[in-house]
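Work through the two exercises below with the sequence and the model side by side, and try each task before reading its solution.

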Amino acid sequence: MRTAPPSPAAVPGRAVAVRVPATSANLGPGFDTLGLALSLYDELVVTALEEGEVQVDVEGPGADLVPRDASNLVIRAIAYAFESVGRRMPGIALTQRIVIPHGRGLGSSGAAVVAGLLAARGLLAGDVEFGPSLLLRLATELEGHPDNVAPALFGGLTIAWMDENGPQYKKLLVHRGVSPVVFVPESTMPTRISRELTPLQVTREDAVFNVSRSALLIAALTQSPELLLAATDDKLHQNYRAQAMPDTDTLVRGLRQAGFAAVLSGAGPSVLVMADGPGRRLEAARLAASLTNTPWESLMLAVDFKGGTVREYTEGASQPVSSAT
C-alpha cells in the first residue's frame with residue numbers, strides 16, 4: 001500500500017508577521033511549572049517561497065550567533081509544524097528581529113519555537129486549524145517542557161503540567177499591582193548546564209516547603225502582591241544553581257534581604273524582581289547597582305497578557321492580529 005504524499009505547501013508569496021514575548025519560568029518555587037510572559041518581544045516576518053529556498057536575515061543583539069540556514073530554530077519549528085499536519089514545507093524567507101537576550105533565562109529558545117509554530121499557523125490559515133492544544137503540544141515536543149512555551153503562546157501567568165493527554169495549561173490574570181523588573185548580565189548560562197546542577201531527589205521537607213510556596217505564589221500574583229516575598233522562596237533549584245552563578249546569587253540574596261521578591265529568571269543568570277508597585281521596582285534597580293561589581297541591564301517591564309500573535313503581513317498595511325488563544 002502506497003502512502004499518499006503530503007498536501008501542497010502554502011502559496012508562495014503569502015507573508016505573516018509574528019510577535020512573541022519573553023518569558024520567565026519557575027518564578028522561585030514553581031520549578032518547571034509556572035511561567036510569566038513579559039513585555040519584551042521578538043518580531044519576525046515569514047514569507048512562503050518556492051519549495052527548497054531558505055533565506056534568513058537576522059538583526060539585533062546576538063544576531064551573529066543565529067544560523068542563517070535551515071538549522072535556524074524558527075525555520076525548524078515551521079518545518080515541524082508543516083510535517084505534523086501533513087503539509088509540504090514551502091521555501092521560507094525569514095526576517096528576524098531579536099530583542100530577547102539569548103542564554104539569559106528569558107525564554108529565547110521557547111520564543112523562537114513559538115514564533116515558528118505561529119508562522120506556520122498563519123501561512124496555513126484557511127487550510128489547517130492550529131488550536132491552543134496542538135500549538136502547546138508541538139511547542140513542548142520541540143522545547144522539551146511546557147513552562148516557557150505556555151506563557152509565550154498564551155500570555156499572562158501560566159500553570160503548565162503533563163498528564164496522559166500530553167501538556168496542559170491554565171492561564172491566570174496577574175494583579176495590576178505586580179511590576180516586574182529584570183536584571184540582565186552580560187554573561188550567559190546554557191539551560192542544559194544549569195539543569196544538571198539540580199538534584200534528582202529532594203527531601204520531603206523541601207518538597208512540602210515548595211508546595212506551600214507555589215500555592216501561595218498563585219495567590220500573591222493574582223490577589224495579594226504584598227505576599228510576594230514569602231511566596232517566592234524556594235528550596236528545589238536556586239541554591240543548587242548558585243554555585244555556577246555567584247554574582248546572580250549575590251544579587252538575589254541582597255535584594256531579598258532588602259524585602260524584594262527576587263528570583264532566578266528561568267535557568268539564569270538574569271534575576272527577576274516582582275515588585276508590588278512601580279516605585280518599588282525603581283528602588284530595586286538602585287539597590288541592584290550597588291550589590292555586585294557585575295554590570296546589570298535593568299529592564300522595566302510589564303506582564304504581557306496577550307501572548308504570541310500572528311497576522312497577515314502586507315508591507316505598509318496593518319492587518320488584524322490573531323493570538324495563540
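Contact here means heavy atoms within 4.5 Å, and helices (H or I, at least four residues) and strands (E, at least two) are DSSP runs, numbered from the N terminus. The model is predicted, so that local features need pLDDT of at least 70 and side-chain atom pairs count only at pLDDT 80 or more, while totals for chains, interfaces and linings use all residues. Residues are numbered from 1 along each chain as its sequence is written, and side-chain values use heavy atoms, with hydrogens and water left out.

**Exercise 1.** Describe how α2 and α3 cross, and list the residues that meet.

*Solution.* Begin with the axes (lines fitted to C-alpha atoms over the stretch in contact, with angles from 0 to 180 degrees between N-to-C directions): those of α2 (residues 108–123) and α3 (residues 132–143) come within 10 Å and cross at roughly 140°. Angles under 35 degrees count as roughly parallel, over 145 as roughly antiparallel, 65 to 115 as roughly perpendicular and the rest as oblique, and α2 and α3 are therefore oblique to each other. Next, find the side chains: S109, G110, V113, L117, L118 and R121 of α2 meet L135, L138, A139, L142 and E143 of α3.

**Exercise 2.** Where does R104 lie, and which UniProt feature includes R104?

*Solution.* R104 is placed in the loop between β4 (91–97) and α2.
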